[in-house]
Amino acid sequence: MQRPPSGRGDRRSPAPTQPALRFAPSPNGHLHLGHAASALLNATLAARLNGCFLLRIEDIDLARCRPVFVDAIVEDLAWLGLAWEEPVRRQSERFPAYRAAAEPLVAQNLLYPCFCSRTDIARAVAEEEARTGRTAPRDPDGAPLYPGTCRGFSPAEARARLAREPHAWRLDGAGARAAAGPSLAYARFTIDGAEEAVPASPERWGDAVILRKEVPASYHLAVVVDDADQGITHVVRGADLEAATDLHVLLQRLMRLPTPRYHHHPLIRDEAGAKLAKSAGSPSLRSLREAGIGPDEVWARVAAALGVTLLA
């Protein structure tokens, strides 16, 4: 099976007009076949587009991410025969950049401080459900939408609490959508190059957390900032992240950043039909390697599961 070229460059980001794709795992466990699918598809499409393939380590979750897993990611990808532009970006080194990117949103009152704990939110949602007899609306991940407890604080009250309490910063969803204007959409592309416009529906996420309490970033903010900074033109990731694109498109519009094209590939599933996951103990690439399975077989399994031809 043909592989994308193995030579590595030394650029930090692609040329402005060059297609660029990235594989961006979190180092909170060993990669499994689902990660291999995303990595191989990104590398293959980068080669087909005569673009570059970047590796980004999304390690903003300092409590769960480990250096040993970063090393394992590099080892697994090299075993698969992949190569990428150097240097590898690590999000944990870019917290000041994320905070700076969010400051204009704070200045425009599109972010507000939230002092609620998970327990506070769960209690408020339960009380509302008991009062109305209706199930509270959920976001695409299944979590109840934030009930807006902190949205209405006066500037003086918010400042006083900021000085003494841990807090996150949430997007004022309604205000953000009004500021972004109409016609929020993105281009969805297929493996054979066809494209269609897809309307974005960020209201599904309510007042999403943009800056977390423990770190000055969230997945949503960090990925949008880094995709723009690295010149990513095509985002290829699993179908479980498709709904997040709605919120990413909104942030891109608010921050005046380009919107890449998007492709969300099917998830690799086990024999019971459940998606592969680190938390579920799905077999890792490392365990497959130790069982005597070679990289060619992994390529073949991924190609069969996705229904695509993985060629350079």
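**Reading charges, fold and cores**

Student: How far apart are the mean positions of the positive and negative charges of the chain?

Tutor: The 38 positive and 37 negative charges have mean positions 3 Å apart. Lys and Arg count as positive, Asp and Glu as negative, with His and the chain ends not counted; each charge is placed at NZ of Lys, CZ of Arg, CG of Asp or CD of Glu. This is a predicted model, where local features need pLDDT of at least 70 and side-chain atom pairs pLDDT 80 or more, while totals for chains, interfaces and linings use all residues. Residues are numbered from 1 along each chain as its sequence is written, and side-chain values use heavy atoms, without hydrogens and water.

Student: How many helices and strands does the chain have?

Tutor: There are 10 helices and 10 strands, read as DSSP runs (H or I, at least four residues; E, at least two) numbered from the N terminus.

Student: Which residues touch the most other members of the largest nonpolar core?

Tutor: A nonpolar core joins buried Ala, Val, Leu, Ile, Met, Phe, Trp, Tyr and Cys through side-chain atoms within 4.5 Å; buried means under 20% relative accessible area (1.4 Å probe, protein chains only). Here the largest core has 41 residues, and Tyr-98, Leu-171, Leu-221, Leu-250, Leu-254 and Met-255 touch the most other members. Helix α8 (244-254) is among the elements supplying at least two residues; its six are the largest share.

Student: What is Leu-221 in contact with, leaving aside neighbours within four places in sequence?

Tutor: Its partners, with heavy atoms within 4.5 Å, are Tyr-98, Ala-102, Ile-210, Leu-211, Leu-251 and Met-255. A second, separate core of 35 residues includes Trp-79 and Val-298.

Student: What share of the chain is buried?

Tutor: Of its 312 residues, 47% count as buried.

How values were computed:
Buried < 20%, exposed > 50% of the residue type's maximum accessible area, 1.4 Å probe, protein only.
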